[in-house]
Amino acid sequence: EDQDGGQFVGQRKRVKLSSSTKDPYIIDSLKHKCFLEELLFWTIKFEFPQKMVTFLLNMLPDQDYKITFTKTFVQHYAFIMKTLMKSHESDTMSNRIVHISVQLFSNEELARHMTEECQLLDIMVTVLLYMMESCLIKSELQ
């Protein structure tokens, strides 16, 4: 389901990766409460333009920004992966996503905080499950 269904700016439905998705982390509505959340949404929507990635990463030395940006990145993770799955430039986009992820999650304390408070591991595993589900083929061995 796309994010733009006639809703006002700042409130978007979270992405469904699969029609059978029942996971609350993937289905819940995502309400943008600040400019950073809206900015990340449009950065994802336009498939991570290099200038935006550079802009967002250049502010990471500020610890408050880094924490807020990481939380926002985790909240948008399903949307990021859905956009990546539909992208025509998936190699370029995936490289930029990895670049951001390395910058955010190489800090062990921040990664642990996101895992405990934002269910990072649950979200990543759930998204991986739905990505794998989308490319399953029927096996004759069953």
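**Burial and helix packing**

Biologist: Is L36 buried or exposed?
Modeller: In this predicted model, L36 lies in helix α2. Its relative accessibility is 12%, and the cut-off for burial is under 20%. L36 therefore counts as buried.

Biologist: Which residues does L36 touch, beyond those up to four places away in sequence?
Modeller: L36 sits in α2, but its neighbours in sequence are not counted here. The residues that remain within contact are L56, Y65, T68, F69 and T72.

Biologist: How many of the residues of α2 are buried?
Modeller: α2 spans 35–45 and is mostly covered. The buried residues of α2 are L36, E37, E38, L39, L40, F41, T43 and I44. Out of eleven residues in α2, the number buried is eight.

Biologist: Which residue follows α2 with a positive phi?
Modeller: The helix α2 covers 35–45. After α2 comes a residue with phi near 60°. That residue is E47.

Biologist: How far apart in space are L36 and F73, C-alpha to C-alpha?
Modeller: In sequence, L36 and F73 are 37 residues apart. In space, their C-alpha atoms are separated by 10.0 Å.

Biologist: What is F73 in contact with, leaving aside neighbours within four places in sequence?
Modeller: F73 is one of the members of the largest nonpolar core that touch the most other members, along with F48, F69, I97, I100 and F105. Away from its sequence neighbours, the contacts of F73 are L40, I80, I97, I100, S101, L104 and F105.

Biologist: Which element gives the most residues to the largest nonpolar core?
Modeller: The core has 32 residues. Two or more come from each of α2, α3, α4, α5, α6, α7 and α8. With six residues, the element that gives the most is α5.

Biologist: Are α5 and α8 roughly parallel or roughly antiparallel?
Modeller: The axes of α5 and α8 are 10 Å apart, and the helices pack at about 25°. Angles under 35 degrees fall in one class, so α5 and α8 are roughly parallel.

Biologist: How many nonpolar residues are in the contact of α5 with α8?
Modeller: From α5, the contact uses Y77, A78, M81 and M85. From α8, it uses I123, M124, V127 and M131. No polar and no charged residues take part, and the nonpolar ones number eight.

Biologist: How many charged residues are in the contact of α4 with α6?
Modeller: K66, F69, T70, F73 and V74 in α4 meet I97, I100, S101, Q103, L104 and F105 in α6. By class, this contact has seven nonpolar and three polar residues, and the number charged is one.

Biologist: Which hand does the crossing of α4 and α6 have, left-handed or right-handed?
Modeller: The crossing of α5 and α8 is right-handed. For α4 passing α6, the crossing is left-handed.

Biologist: What percentage of the residues of the protein count as buried?
Modeller: The protein has eight helices and two strands, in the order β-α-β-α-α-α-α-α-α-α. Of its 142 residues, the part that counts as buried is 40%.

Note on methods
Residues are numbered from 1 along each chain as its sequence is written. This is a predicted model: local features need pLDDT of at least 70, side-chain atom pairs count only at pLDDT 80 or more; totals for chains, interfaces and linings use all residues. Side-chain values use heavy atoms; hydrogens and water are left out. A nonpolar core is a set of buried Ala, Val, Leu, Ile, Met, Phe, Trp, Tyr and Cys residues joined through side-chain atoms within 4.5 Å. Buried means under 20% relative accessible area, exposed over 50%, partly exposed in between (1.4 Å probe, protein chains only). Helices (H or I, at least four residues) and strands (E, at least two) are DSSP runs, numbered from the N terminus. Contact means heavy atoms within 4.5 Å. Axes are lines fitted to C-alpha atoms, for helices over the stretch in contact, and angles run from 0 to 180 degrees between N-to-C directions. Angles under 35 degrees count as roughly parallel, over 145 as roughly antiparallel, 65 to 115 as roughly perpendicular and the rest as oblique. A crossing is left-handed if the near helix is turned anticlockwise from the far one by less than a right angle, and right-handed if clockwise. Ala, Val, Leu, Ile, Met, Phe, Trp, Tyr, Cys and Pro count as nonpolar, Asp, Glu, Lys and Arg as charged, and the others, Gly among them, as polar.
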